[in-house]
Amino acid sequence: MIRIYLYLLAGVTSALLGWNIGQFLLTDLINQFLFAPTTDTHIFPFPELIIFPCIAISLAVGMVINEIFISNPTRPKLCFRKLTIPIFIAVGLGILSGFISGGIAQIVFAPQIVIAPQIVRTLSWLLIGASVGLTEGLTWRWESIEAGDSQRFRQRFKISIIGSIVASLGAAVLFELIRQAFPDLLNTVRGIEEPLGFAILGALLGFTFSVTNSPSYMVALRAGRGFEYTDPTYEDIDPSATIISRPYPCIKKPILKFVSNSQEEKIEEGLSIQLPSKGRFLIGSGQGADIFIPQIPLHVATLELKSRQAKLEPNQMFFNTIEVNGNRLGTNNLITLKHGDLLTFYTQQKEDFHEEKIYRFVYYNRFLDPGA
């Protein structure tokens, strides 16, 4: 719910900020310095060409900034580094869509053309909303490593545009219903109609993006301690008959892949192994292991994924070599994994000071900070 509130707040704030900037440019700059302030006839004749671009830019920039900071809540410096390209795109598309929608509004508002203002308003809001969705969809490529998956990027891009268009249409319909239901209120409170309408547009766009841009359900294991090696080979230390020596930890492709869309098979610290939403995957040092880790038992555990659940099924002979969230397993009972759980696998190899060597993963079922 907090995510929805933040998106609603960002949408309303961005829309009203853009409207106020447009009013400032019109009343305090353009009309004061370019036109005579003494008569009502000497005012800027095309106000929509100022108001609409300001609102489109403000909404696009606001939604992009909001998405970046919500997706990386603990990395403000990283967020600021990511902002440059997305903001340039947001400003450019906002200017373009704003001028197009403002130009269309000026044409259809001409006395020679008789078109209902409701239709003009709806069309203009659709163009503004579509530009915000287009901006959000395009800039996501620079915000998340998840966008490296071309299929996922196209899906997110389409959802952003379609969602923003539907939200804009809904805002226009809702605003017209309010105008019909409370005509006296809008006429009594002077100047409330426009900011109210754009606030509704920003709120619905924010709500839509809070749903369409929610963290994707992507099951993954992020490699941590134990995978720091960078050498092309791994030293064969354990000659145990229950262990098959392999040169390095790796995944079985194409069954598994890394979230970063890397073509490599070697597991290294910081890489996240993307797992399908369903299936059974063996963890061990055997030839048939889907996640191969040297010096651990041939089959230490099975990871079962189905119905948005992940369960770890330890091997009854080697459950004592597994640790979950710092606790060594005492039985081979099924373990239902939760987001952020730490999985540690112990080997028979000893490190310095006779400490047991370990390999550690972090289990994720959603990506709140995929680019970190």
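Helices (H or I, at least four residues) and strands (E, at least two) are runs assigned by DSSP and numbered from the N terminus. The model on display is predicted: local features need pLDDT of at least 70, side-chain atom pairs count only at pLDDT 80 or more, and totals for chains, interfaces and linings use all residues. Residues are numbered from 1 along each chain as its sequence is written, and side-chain values use heavy atoms, with hydrogens and water left out.

**The whole protein.** Display the complete chain first. The protein has eight helices and 13 strands. Of its 372 residues, 45% are buried; buried means under 20% relative accessible area, exposed over 50%, and partly exposed in between (1.4 Å probe, protein chains only).

Select Ile115, in the loop between helix 4 (84-108) and helix 5. Ile115 is partly exposed, because its relative accessible area is 36%.

**Helix 6.** Next, select residues 150-181, the 32 residues of helix 6. Its buried residues include Phe153, Arg156 and Phe175. Against which helices do the buried residues of helix 6 pack? They pack against helix 2 (48-71), helix 5 (117-139) and helix 8 (193-212), where a contact means heavy atoms within 4.5 Å.

A salt bridge is a side-chain nitrogen of Lys or Arg within 4 Å of a carboxyl oxygen of Asp or Glu. Show Glu67 and Arg156, whose closest N and O atoms are 3.3 Å apart in a salt bridge. This pair links helix 2 to helix 6 across 89 residues. Both Glu67 and Arg156 are buried. Then show Arg179 and Glu193, a salt bridge with closest N and O atoms 3.0 Å apart. Arg179 lies in helix 6 and Glu193 in helix 8, so the pair ties together parts that are 14 residues apart in sequence.

Finally, select the six strands that form an open sheet of mixed pairing, in the order 2-6-5-7-8-11. Strand 2 (250-251) and strand 11 (335-336) each have a single partner strand, so one side of each is left without a neighbour in the sheet. Two strands pair if DSSP finds at least two bridges between them. Strand 2 pairs with strand 6 (residues 291-292) in the antiparallel sense over two bridges. At Cys250, the bridge partner in strand 6 is Phe292.

Notes
Expected span 1.5 Å × (residues − 1).
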